[in-house]
Amino acid sequence: MIEAPETTSEEARSDSPLAIKIATEFIATALLMFTIYTFYSLSTAMYGINLLMIAVGTGVAYAAAISIASKVSGGQLNPAVTIASMFTGRTSYLEGPCYIIAQVLGSILAAGAFVFILPQTKMVKDANWFAPVVNGFEQGSISATQLKSVNSSFGVITALLVEVIAVAIIVATAMNYTKDNGKTNCGYSTHMGIAYAAATLITYQITGSGLNPARSTGIAIFANFKELEVKPLTQLWVFWIAPIFAAALVGFIILLTKLLAVSEDKTLAGFENDANALYKKHHALSNIEDPDAKYSEHEINIDFDKTAEANQNN
C-alpha cells in the first residue's frame, strides 16, 4: 500500500494562490470584526462595561480568527501587522496592500451586518449601541460621560500614546512568532490572543481599543450617520496614524537588531581570522629566526644513531 505524503501547514500555505490568501484575510477579518462589534455593543448595552470580560473576549476572538487564517495567509487580520511584515521582508509588497484592502473590506462588511441585526426601536438611543464599539477620544471616548463630571477628558495625545504602545505590543508579538519567510510558528494564534487582550486592557477606557485600523474604519463608516456626540470619521485618522507608526517602529527595531547582529558576527569573524593569521606568522618567524636549534637537534639524533650502530658492530 502506497501512502500519500503528508503535507505540512507550511507547505500548504506556500502553495496557496494569492487569491486564496486574500479571500482568507477577507473572510477571517469579517468574522472577527462581526464578533467584536456584536460582543462589545450588546454585552455593554445589556450588562454595562466589564473591562475584564471585554479584554478576554477580544483575545479569544482574535485567537480563534487568527488560527483559522494562519495556515493560509499567516492570519495577519490587521493592517499594522501587515505593514510591519512588509517592512521586515516577511510579506511581499504585492501581497501586503492586497491584504490590507481585504481586511478593510471585511471590516466594512462586518459593520454592515452588525447594524443590520440591531433592534430597530426609537426608544433606545444610537449611543447605547454604538458608543461601546466606535473608537474615539475626548468627547468620542467611551469614558467621556464619566469624565465630564470632573471637567476632564482623554485628549488626542493620550489616545495616540496608548494606541502606539498597545499596537507595538501586538506587532512585536506577531513578528516574534513569524519566521523570516512569513510562516507562523507554533502557538502564534494563542500568543496573539494574549497580546490583544493585554492591549485591550490598556486602551479600552481611553479610546475603545482601536488596535486595528480596519476595525476602526468599518464601524466608523456606519456610525458616522448615527446620532453620536462626535462623528467617528472625524477622529479616524488617529487610529490609522498610531498603528502605522507602531508598526514602522517595531519593524525598524527588528531590522536594526539584525543589522547589528550581522555586523557583530562579521567583526568577530574578522578578529578570529586576524588571530589565526598572526599565529601562523609568528610560527613561521620562529622557524626562520632559530633554524640552528632545529638543525642541532637533528644532528644529535643522527650522531646517537651512528654511535649505537658502531657499538653493535664491535
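**Figure 1. Helices H5 and H10 lie oblique to each other in this predicted model.** Helix H5 (residues 95-117) and helix H10 (residues 213-223) pack at an angle of about 40°, and their axes are 8 Å apart. Axes are lines fitted to C-alpha atoms, for helices over the stretch in contact, and angles run from 0 to 180 degrees between N-to-C directions; angles under 35 degrees count as roughly parallel, over 145 as roughly antiparallel, 65 to 115 as roughly perpendicular, and the rest as oblique. The crossing of H5 and H10 is right-handed, a term for a near helix turned clockwise from the far one by less than a right angle, whereas anticlockwise is left-handed. Residues are numbered from 1 along each chain as its sequence is written, and side-chain values use heavy atoms, with hydrogens and water left out. Because the model is predicted, local features need pLDDT of at least 70 and side-chain atom pairs count only at pLDDT 80 or more, while totals for chains, interfaces and linings use all residues.

**Figure 2. The secondary structure of the protein comes to 13 helices and 0 strands.** From the N terminus on, the elements run α-α-α-α-α-α-α-α-α-α-α-α-α; helices (H or I, at least four residues) and strands (E, at least two) are DSSP runs, numbered from the N terminus. Of the 314 residues in the protein, 41% are buried, where buried means under 20% relative accessible area, exposed over 50%, and partly exposed in between (1.4 Å probe, protein chains only).

**Figure 3. H2 packs with helix H3 (residues 51-69), their axes being 9 Å apart.** The angle at which H2 and H3 pack is about 165°, and this value makes H2 roughly antiparallel to H3. The crossing in which H2 passes H3 is right-handed.

**Figure 4. Lys-21 and Glu-95 meet through their side chains in a salt bridge.** The N to O distance in this pair is 3.0 Å. The structure holds 3 salt bridges, each defined as a side-chain nitrogen of Lys or Arg within 4 Å of a carboxyl oxygen of Asp or Glu.

**Figure 5. Arg-90, Asp-180 and Lys-258 are linked in a network of salt bridges.** Arg-90 is buried, with a relative accessible area of 8%, whereas Lys-258 counts as partly exposed at 33% relative accessibility.

**Figure 6. A nonpolar patch on the surface has about 1000 Å² of accessible area together.** The patch is formed by Phe-87, Tyr-93, Phe-245, Leu-249, Phe-252, Ile-253, Leu-255, Leu-256, Leu-259 and Leu-260. Helix H12 (residues 238-289) gives the most to the patch, with 8 residues, and Leu-260 has its place in helix H12. Leu-260 counts as exposed because its relative accessibility is 52%. Patches are made of residues with over 30% relative accessible area and no salt bridge, like charges being joined within 9 Å and nonpolar side chains (Val, Leu, Ile, Met, Phe, Trp, Tyr) within 5 Å; accessible areas come from the Shrake-Rupley method with a 1.4 Å probe, and for residues only the protein chains shown count as cover.

**Figure 7. Val-164 and Ala-247 are 83 residues apart in sequence and 8.7 Å apart in space, C-alpha to C-alpha.** Val-164 lies in helix H8, and at 15% relative accessibility Val-164 counts as buried.

**Figure 8. Ser-209 and Leu-211 lie in the loop between H9 and H10.** Most residues other than glycine have a negative phi. Ser-209, although not a glycine, has a positive phi of about 60°, and Leu-211, also not a glycine, has a positive phi of about 65°. Ser-209 counts as buried at 2% relative accessibility, and Leu-211 is buried with a relative accessible area of 3%.
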